[in-house]
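Welcome, and please open your viewer. Could you walk me through this model, telling me what to select at each stop and what is there?

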Amino acid sequence: MTEDPTFPQVENARSGNRRERVRQATSREIKQIARRHLTAHGASGVSLRAVAREMGMTAPGLYRYFGSLAELMEALQADLFAELGAAVNATETSVPASDTDGRLLAALRAVRAWGLANRA
């Protein structure tokens with residue numbers, strides 16, 4: 001079968017099939033809502049029921065994405081650590097590699113700045 005040049009073949013191996021993309025998008029939305037609740041109310045203010053209510057789902061429906069509240073909080077924690085790591089890395093690499101003290105100071109300032117911006 002020959003390929004039609006007007007309809008280029010798009011490989012979507014990295015993002016998976018449609019069902020997987022929808023699942024990933026829903027997981028991201030769940031984590032975004034949980035993060036808002038965490039920011040507004042602290043860790044004790046995050047519940048599967050509240051997240052589900054805001055999404056228009058049932059709490060048992062969230063169990064398809066996260067097996068428990070602890071699992072959701074662990075996923076959220078991993079995202080936060082990745083975000084912090086990216087902020088530190090971006091700041092640290094802006095200082096020349098030969099300036100070890102400057103890189104360390106930049107990294108520490110980035111951690112503090114991130115922490116102040118994300119108090120919860």
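In which helix does Ala75 lie? Select Ala75 and you will find yourself in helix 4. Keep in mind on this tour that the model is predicted.

**Stop 1: around Ala75**

Stay with Ala75 and show its surroundings. Setting aside neighbours within four places in sequence, Ala75 is in contact with Lys31 and Phe66.

**Stop 2: two helices crossing**

Next, select residues 18–41, which form helix 1, and residues 69–92, which form helix 4. Their axes are 10 Å apart, and the helices pack at an angle of about 85 degrees. Angles of 65 to 115 degrees count as roughly perpendicular, so helix 1 is roughly perpendicular to helix 4. To see the contact itself, show Ile30, Lys31, Ala34, Arg35 and Leu38 on the helix 1 side. On the helix 4 side, show Leu72, Met73, Ala75, Leu76, Asp79, Leu80 and Glu83. Colour these contact residues by class and you get eight nonpolar, four charged and no polar.

**Stop 3: the largest pocket**

Which residues line the largest pocket? Select Arg35, Leu38, Thr39, Met73, Leu76, Gln77, Leu80, Trp114, Ala117, Asn118, Arg119 and Ala120. The space inside the largest pocket is about 180 Å³. Helix 1, helix 4 and helix 5 (100–117) are the elements that each give two or more residues to the lining. Helix 4 gives the most, with four residues. By class, the lining has seven nonpolar, three polar and two charged residues.

**Stop 4: an annotated span**

Finally, select residues 47–66. An unreviewed UniProt entry annotates this span as "DNA-binding region". In the model, residues 47–66 are 60% helix and 0% strand.

Technical notes:
Residues are numbered from 1 along each chain as its sequence is written. This is a predicted model: local features need pLDDT of at least 70, side-chain atom pairs count only at pLDDT 80 or more; totals for chains, interfaces and linings use all residues. Side-chain values use heavy atoms; hydrogens and water are left out. Axes are lines fitted to C-alpha atoms, for helices over the stretch in contact, and angles run from 0 to 180 degrees between N-to-C directions. Angles under 35 degrees count as roughly parallel, over 145 as roughly antiparallel, 65 to 115 as roughly perpendicular and the rest as oblique. Contact means heavy atoms within 4.5 Å. Ala, Val, Leu, Ile, Met, Phe, Trp, Tyr, Cys and Pro count as nonpolar, Asp, Glu, Lys and Arg as charged, and the others, Gly among them, as polar. On a 1 Å grid over the protein atoms alone, a cavity is a set of points where a 1.4 Å probe fits but cannot get out, and a pocket is an open set with protein on both sides within 12 Å along at least five of seven lines; lining residues have an atom within 4 Å of a point. Grid points are joined across faces, edges and corners, and a volume is the space filled by probe spheres set on the points. UniProt positions are given in the numbering used here, feature names are shortened, and annotations may be inferred rather than shown by experiment.
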